[in-house]
Amino acid sequence: MNDATDNRRLLSRRALIAGGLLTGAGVVANARRPDVPFRMIKEAKLNPLFPWKIGDWEYQTSSGLVLPPPDQMSDRLYNAIITRYYASPTQLPVMFLIAYNGIQDGMLQVHRPEVCYPAAGYAIEHERLIGLDAGGGVEVPGHYLAARSVSRHEQLIYWTRIGNDFPTQWWQQHWAVAKENLKGRVPDGMLIRFSTAAPDDKTAILTLRRFLEPFFASLSPTARRLVLGEAGAPGLKDQILSSQPKR
């Protein structure tokens, strides 16, 4: 038996173990029958939380962004979606999308750009994780993608938040939901995405980082908690917990 066969068997065994653990956690979590929504803000009125001017960029329009596919699940996936196109006299334009769901129950998962960009006719050229300094000692595991269609080359950085976790893979999304379910709570979740159209990756990353720095700095404590979880604005913890519905 060769090394390649051994490696395949090892990977299969690990996948089986991981799947079993997730299934077990899901069964236990379901047995708890969580019915208390745990949301980072009392009401999901997103638009007023985010500034219309960020650094050198200013809001221009809400159109022109790549959106999740309009399939039968779209209306159930999100309670609210914000799309904004920011222009600057000195920098490349930046497009901003937030998709929010107040109840992540393990069945409705946020659509990642790896799904919606190919559905819109883009090919994903490459992707990697990239650390983002959100200030206050918080680092976000951002996901960088470069995507190309017949007529456009677009680069983006995004992250997802479910409860207080930043999952980067599908099983981490399920685990984040299961952890909250085991506490008897149903977490909220959101996807935050920033994109631009640059000639190369270096320029794209530089542009997006230049946008993200004043973006994070301009957020109110409520907005920081929404996009970063409890670590983003720890002073709001008691206020948010007191606003959660009781069993």
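The chain has 7 helices and 10 strands, taking helices (H or I, at least four residues) and strands (E, at least two) as DSSP runs numbered from the N terminus. This is a predicted model, in which local features need pLDDT of at least 70, side-chain atom pairs count only at pLDDT 80 or more, and totals for chains, interfaces and linings use all residues. Residues are numbered from 1 along each chain as its sequence is written, and side-chain values use heavy atoms, with hydrogens and water left out.

**Whole chain**
- Of the 247 residues, 46% count as buried, where buried means under 20% relative accessible area, exposed over 50%, and partly exposed in between (1.4 Å probe, protein chains only).
- The accessible surface comes to about 12,700 Å², with 55% of that belonging to carbon and sulfur atoms; the areas come from the Shrake-Rupley method with a 1.4 Å probe.
- Among contacts (heavy atoms within 4.5 Å) with a separation of 6 or more, 72% are between residues 24 or more positions apart.

**The sheet**
- An open sheet is built from 8 strands in the order β2-β3-β4-β5-β10-β8-β7-β6, with antiparallel pairing; two strands pair if DSSP finds at least two bridges between them.
- Its edge strands, β2 (53-54) and β6 (123-133), each pair on one side only.
- Helix α6 (residues 221-228) lies across β5 (94-101), β7 (139-148), β8 and β10, at about 95° to β8. That angle is between N-to-C directions on a 0 to 180 degrees scale, with axes fitted to C-alpha atoms, for helices over the stretch in contact.
- Ala87 lies in β4 (residues 80-87) and is partly exposed at 23% relative accessible area.
- The C-alpha atoms of Ala87 and Trp57 are 5.1 Å apart, although 30 residues separate the two along the chain.
- Beyond four places in sequence, Ala87 touches Asp56, Trp57, Glu58 and Gln60.

**Around α4**
- Thr168 sits in the loop between β8 (153-162) and α4 (170-182) and is buried, with a relative accessible area of 15%.
- Leaving out neighbours within four places in sequence, Thr168 is in contact with Arg112, Leu129, Pro141 and His143.
- α4 has 13 residues and reaches 19 Å from first C-alpha to last, close to the 18 Å expected at 1.5 Å a residue; the expected span is 1.5 Å times one less than the number of residues.
- Its buried residues are Gln173, Ala176, Val177, Ala178, Glu180 and Asn181.
- Just after α4, Gly184 takes a positive phi of about 80°.

**Salt bridges**
- The whole structure holds 5 salt bridges, each defined by a side-chain nitrogen of Lys or Arg within 4 Å of a carboxyl oxygen of Asp or Glu.
- Arg161 and Asp188 meet in a salt bridge at 2.9 Å, N to O. Arg161 belongs to β8 and Asp188 to the loop between β9 (185-187) and β10, so the pair ties together parts 27 residues apart in sequence.
- Asp165 pairs with Lys179, the closest N and O atoms being 2.8 Å apart. Asp165 is in the loop between β8 and α4 and Lys179 is in α4, so this pair ties together parts 14 residues apart in sequence.
- Here Asp165 is partly exposed at 22%, and Lys179 is partly exposed at 29%.
- Arg152 forms a salt bridge with Glu154, with 2.8 Å between the closest N and O atoms; Arg152 is partly exposed at 31%, whereas Glu154 is buried at 2%.
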